[in-house]
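Subject: Structure handover

Hello,

Here is the structure I said I would pass on. My notes on it follow.

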Amino acid sequence: MNINWFTVIAQVINFVILVWLLKKFLYKPVLLAIDEREKKIVTRLEDARQKKEEAKKEQDEFAEKNKQFEAQKKVMMEQAVTDTNLQKDKLLENAKKDVDALHTRQQKAIADMEENLQKDIVQKIQKSVFDISRKALKELASADLEEQIVKLFIGRLVELKDEAKKQFTDAFITTSNPVLIQSAFELQQPQQTAIEQAVNDVLGKKIKFEFKTAPEVISGIELSTNGYKLSWSISEYLASLQNNLSQTIKETTAPATEAKKLNEKKQEPEQQMVN
């Protein structure tokens, strides 16, 4: 078999040229492309790893924050429950104090009303008793009773002691006006004369007299001049009795009133604390 070396050499040269061409224009760009792609893949893998690590870090941070938030939420809820219970207890205590204060004020109002009602009833009964007494004495007046009243008045005049007698005589020193004699009934002439004689004997001189009828002087006689007054009447006794009763009522209710005032003073600081 004859070998055509020219052809072989030409084919070898062609193969070398083809290899060179492939290496220069195909293999090397392909390798470069493969390297570039590998680099991109590595870069992407690295980016993915970093992103994964960042995501894991963020997830861990989120989990930690969520854990802290849950802990804070629990503490805040417990604090809110505690504050609510304290506020509820405070409101209940204030409400109880308000109710107690209202109850105290109501009791005080009732006590004041009862006291005022009692005073009013006593005063009305007292007034009615004395009004009835005065009316009865007016209706029961008689000549014999009037005669006894004149005698009692003259007896009081004659029995004036030193100081009282001096006041009586001093009342006539600076006046020349007639002595006013008032009585609930009309005095008869003998009765007027007896009174005039008694007054003149006490003064040691004669003076002028004026006699008047005064229904308000219940069963009695009243002598007045220059601001001085001497009287004897059942009305005077009734007025004295009425004053005594009023004073007794006042003294009886005074301790209760003082006790109530002390109680109110004690309650004032408590009400201020409530407010």
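Leaving out residues up to four places away in sequence, Phe 185 touches Glu 146, Ile 149, Val 150, Gln 191, Thr 213 and Gly 220. This is a predicted model, so please read everything below with that in mind. Phe 185 sits in the loop between β1 (179–183) and α4. With a relative accessibility of 8%, Phe 185 counts as buried, because the cut-off for buried is under 20%. Lys 212 lies 27 residues from Phe 185 along the chain, and the C-alpha atoms of the two are separated by 8.9 Å.

For orientation, the overall layout is this. The chain has five helices and four strands, and from the N terminus on the order of the elements is α-α-α-β-α-β-β-β-α. There are 275 residues in the chain, and 20% of them are buried. The accessible surface of the chain is about 21400 Å², and carbon and sulfur atoms hold 58% of that area. Of the contacts in the chain with a separation of 6 or more, 79% are between residues 24 or more positions apart.

Next, the helix packing. Two packed helices are described by the angle between their axes and the distance between the axes. Helix α3 (residues 162–170) packs with helix α4 (residues 189–203) at an angle of about 100 degrees, and the axes are 10 Å apart. The pair α3 and α4 is therefore roughly perpendicular, since angles of 65 to 115 degrees count as such. On the α3 side the contact is made by Lys 165, Phe 168 and Thr 169, and on the α4 side by Val 199, Val 202 and Leu 203. By type, the residues of this contact between α3 and α4 are four nonpolar, one polar and one charged.

Helix α4 also holds Asn 200. Asn 200 has a relative accessible area of 13% and is therefore buried. Setting aside residues up to four places away in sequence, Asn 200 touches Lys 205, Lys 206, Ile 207 and Phe 209.

Then the aromatic rings. How many aromatic pairs does the count come to? The count comes to two aromatic pairs. One is formed by Phe 168 and Tyr 228, which are edge-to-face, at 5.6 Å centre to centre and with 70 degrees between the planes. This pair links distant parts of the chain, with Phe 168 in helix α3 and Tyr 228 in strand β4 (residues 228–233), 60 residues apart. Phe 168 and Tyr 228 are both buried. Phe 209 and Phe 211 have ring centres 6.3 Å apart and planes at 20 degrees, so this pair is stacked. Phe 209, at 17% relative accessibility, counts as buried, whereas Phe 211, at 23% relative accessibility, counts as partly exposed.

Ser 224 is in strand β3 (residues 220–225). Its relative accessibility is 17%, so Ser 224 counts as buried.

Regards

Terms used:
Residues are numbered from 1 along each chain as its sequence is written. This is a predicted model: local features need pLDDT of at least 70, side-chain atom pairs count only at pLDDT 80 or more; totals for chains, interfaces and linings use all residues. Side-chain values use heavy atoms; hydrogens and water are left out. Axes are lines fitted to C-alpha atoms, for helices over the stretch in contact, and angles run from 0 to 180 degrees between N-to-C directions. Helices (H or I, at least four residues) and strands (E, at least two) are DSSP runs, numbered from the N terminus. Angles under 35 degrees count as roughly parallel, over 145 as roughly antiparallel, 65 to 115 as roughly perpendicular and the rest as oblique. Contact means heavy atoms within 4.5 Å. Ala, Val, Leu, Ile, Met, Phe, Trp, Tyr, Cys and Pro count as nonpolar, Asp, Glu, Lys and Arg as charged, and the others, Gly among them, as polar. Buried means under 20% relative accessible area, exposed over 50%, partly exposed in between (1.4 Å probe, protein chains only). Accessible areas come from the Shrake-Rupley method with a 1.4 Å probe; for residues, only the protein chains shown count as cover. Rings of Phe, Tyr and Trp (its six-membered ring) pair if their centres lie within 6.5 Å; planes under 30 degrees apart count as stacked, over 60 as edge-to-face and the rest as tilted.
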